[in-house]
Amino acid sequence: MTHHEPMGPRTRTAVVTGGASPRSIGRATATRFARDGWAVAILDVDGEGAIALARELAGEFGVPAAGYGVDITDSGAVNDVAARVAASELPPVGALANIAGIPSPVAFLEVDDALWDKIIAVNLTGTFYVTRAFLPAMIDHGYGRVVNMSSVSAQQGGGVFSKTPYSAAKAGVLGLTRSLAREMAPEGITVNAISPGAADTTIRGDTTAEAEAALSASIPMGRQATADEIGALVVWLSGADAGYITGTTQAINGGSYIS
Ligand SMILES: NC(=O)c1ccc[n+]([C@@H]2O[C@H](COP(=O)([O-])OP(=O)(O)OC[C@H]3O[C@@H](n4cnc5c(N)ncnc54)[C@H](O)[C@@H]3O)[C@@H](O)[C@H]2O)c1
């Protein structure tokens, strides 16, 4: 194989962060990758959940799959996982979906230093650590797709569940994406962000049915995104057909914010 010859999905691995939670976008994304024939490496702070999902996907779709317990805010641990993936039976890494994230429903004047640091660490710095750890393998293989998770909160400001630290972190992800896209373009690696509006996942925890209904009613389409709809966008951006798209922010929000 020549350096720049694109590989087929079956010959490369998609790394997905944040797939352990049962209704998560990470889980839907990893499932979509596997369904399309990609090998998958799932990284989550919930290691057991990541390993269980990997087993499930290997069984259902017959692809190589592995789960790793890692906190993406620990750069040493992230580097260690990247080395383990490289040394594993998985094919070379061809895509990285930085999906793991946490919300911040706290009002601005109640945000203390620790909360600010944590929200930035998981949503922004974690994306940096994981991307830095896996990029060299993609550069070596001359094919790479990085998809970073932002949010409509970065563009229009936060809502009830996604106040200032979250919006700031997710806006940081857009800057990281744009700058890295330019730097990686000569390497044949694309870097894009996705910006979902509200999606029906576990991220909002013990929210009430009334709050969820009000959220859905505020969206022109009258409903939240499914995790699967967002996963489909990530997988499409990771494919060969999306090779000339880089540095962009792909909205997926049911018409709630038109940029
Ligand atoms: N659900 C929404 O409405 C919505 C909208 C826009 C953007 N997003 C973003 O999409 C992403 C996924 O959200 P979701 O709704 O699927 O959330 P979720 O809570 O259902 O899943 C998040 C996953 O990330 C993992 N995770 C959390 N902190 C981690 C860490 N430090 N290291 C490794 N893994 C960690 C969790 O264990 C979990 O499996 C997040 O970045 C979120 O900000 C969500």
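Q: Is Asn253 buried or exposed?
A: The test is relative accessible area: buried means under 20%, exposed over 50%, and partly exposed in between, using a 1.4 Å probe and protein chains only. Asn253 has a relative accessible area of 11%. That is under 20%, so Asn253 counts as buried.

Q: What kind of model is this?
A: Residues are numbered from 1 along each chain as its sequence is written, and side-chain values use heavy atoms, with hydrogens and water left out. Local features need pLDDT of at least 70, side-chain atom pairs count only at pLDDT 80 or more, and totals for chains, interfaces and linings use all residues; the model is predicted.

Q: Which backbone oxygen does the side chain of Asn253 reach?
A: Asn253 sits in the segment after strand S7 (249-252). A polar contact is a pair of N or O atoms within 3.5 Å; within protein, one must be able to donate a hydrogen and the other to accept it, and residues adjacent in sequence count only if both atoms are side-chain atoms. A polar side-chain atom of Asn253 is 2.9 Å from the backbone nitrogen of Gly255. At 2.7 Å, the side chain also reaches the backbone oxygen of Tyr257.

Q: How many Å separate the C-alpha atoms of Tyr257 and Ser195?
A: Tyr257 also lies in the segment after S7. With 26% relative accessibility, Tyr257 is partly exposed. Along the chain, Tyr257 and Ser195 are 62 residues apart, and their C-alpha atoms are separated by 10.0 Å.

Q: Which residues of H2 are buried?
A: Seen down the axis of H2, its buried residues fall within an arc of 160°, so they line one face; the arc is that of the directions from the helix axis to the C-beta atoms. An α-helix has 3.6 residues a turn, so residues three or four places apart point the same way. In H2, the buried residues are Gly47, Gly49, Ala50, Leu53, Ala54 and Leu57.

Q: Which exposed residues does the face of H2 turned away from its buried side carry?
A: H2 covers residues 47-61 and has 15 residues. The face turned away from the buried side carries Glu48, Arg55 and Gly59.

Q: Which residues come nearest to the ligand?
A: There are 28 residues around the ligand. To be near it, a residue needs a heavy atom within 4 Å. The nearest are Ile25, Asp44, Tyr166, Thr201 and Thr202.

Q: What percentage of the ligand's accessible area does the protein cover?
A: One oxygen atom of the ligand is 2.6 Å from a side-chain N or O atom of Asp44. A ligand oxygen is 2.8 Å from a polar backbone atom of Ala199, and a polar side-chain atom of Thr201 lies 2.3 Å from a ligand oxygen. On its own the ligand has 840 Å² of accessible area (Shrake-Rupley method, 1.4 Å probe), and the protein covers 91%.

Q: How far apart in space are Thr202 and Thr248, C-alpha to C-alpha?
A: Thr202 lies in the loop between strand S6 (189-196) and helix H7 (209-217). Its relative accessible area is 33%, so it counts as partly exposed. Thr202 and Thr248 are 46 residues apart in sequence, and their C-alpha atoms are apart by 27 Å.

Q: What distance separates the C-alpha atoms of Gly231 and Ala181?
A: Gly231 is in helix H8 (residues 227-237). Gly231 is buried, with a relative accessible area of 0%. Along the chain, Gly231 and Ala181 are 50 residues apart, and their C-alpha atoms are separated by 21 Å.

How values were computed: Helices (H or I, at least four residues) and strands (E, at least two) are DSSP runs, numbered from the N terminus. The expected span of a helix is 1.5 Å times one less than its number of residues.
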